[in-house]
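Q: Hi! Could you walk me through this structure in plain words?
A: Happy to, let's look at it together.

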Amino acid sequence: WYRDRWDRAQYSATVDSLGRLGPRSGGGDYERWRTRILDAEADVRLAETAVGSPLVATLRAIALEDYSAAQVARQRWTGGVNSRRIKSVVDELRRAADLLQDVAKA
């Protein structure tokens with residue numbers, strides 16, 4: 001849900017010159033798409049507020065940038081990565097996912 005809302009919020013009619021994501025009717029539905037984009041942006045803000053700043057960085061890294069928990073741990077702890085640190089990142093992602101479920105249901 002979070003990744004989908006993020007992707008929708010990133011839509012740009014200029015970038016999507018082939019019209020793969022936008023309206024197929026020759027652009028006449030711009031206001032409807034603009035509303036969808038604004039709704040998606042609001043959902044992303046709501047989700048990130050609900051998750052809270054300590055977990056947002058982990059959520060973004062894994063859900064949006066496709067990093068693994070080990071990659072996030074390596075970035076965070078430059079002194080070396082062990083299973084305890086990777087588990088810590090996984091636990092953060094689980095907490096963020098639990099909070100996102102509540103937001104997505106609303």
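Q: Leaving aside its neighbours within four places in sequence, which residues is Ala47 in contact with?
A: Ala47 is in contact with Trp1, Tyr2, Leu100 and Val103, where contact means heavy atoms within 4.5 Å. Keep in mind that this is a predicted model, where local features need pLDDT of at least 70 and side-chain atom pairs count only at pLDDT 80 or more, while totals for chains, interfaces and linings use all residues. Residues are numbered from 1 along each chain as its sequence is written, and side-chain values use heavy atoms, with hydrogens and water left out.

Q: Which residues make up the largest nonpolar core?
A: Eleven residues do: Tyr2, Val44, Ala47, Val51, Leu55, Val56, Leu59, Leu64, Ala96, Leu100 and Val103. A nonpolar core is a set of buried Ala, Val, Leu, Ile, Met, Phe, Trp, Tyr and Cys residues joined through side-chain atoms within 4.5 Å. Buried means under 20% relative accessible area, exposed over 50%, and partly exposed in between, using a 1.4 Å probe and protein chains only.

Q: And which element gives the most to this core?
A: Helix 3, with four residues. Helices (H or I, at least four residues) and strands (E, at least two) are DSSP runs, numbered from the N terminus. There is also a second, separate core of six residues, including Ala61, Ala69, Ala73 and Val89.

Q: How many helices and strands are there overall?
A: The protein chain has five helices and zero strands.

Q: Okay, helix 4 next. Which of its residues are buried?
A: In helix 4 (residues 69-76), they are Ala69, Ala70, Val72 and Ala73. Seen down the helix axis, these buried residues fall within an arc of 160°, so they line one face of helix 4. That arc is taken from the directions from the helix axis to the C-beta atoms.

Q: What covers them?
A: The cover includes helix 3 (53-64) and helix 5 (83-105).

Q: Switching topic: why does Glu48 count as buried?
A: Because its relative accessibility is 15%. Glu48 is found in helix 2 (residues 30-51). Leaving aside neighbours within four places in sequence, Glu48 touches Tyr2, Trp6, Val56 and Arg60.

Q: Last one: where does the charged end of Arg76 sit?
A: It sits over the ring of Trp77, 5.3 Å from the ring's centre. A charge sits over a ring if NZ of Lys or CZ of Arg is within 6 Å of the ring centre and within 35 degrees of the ring normal.
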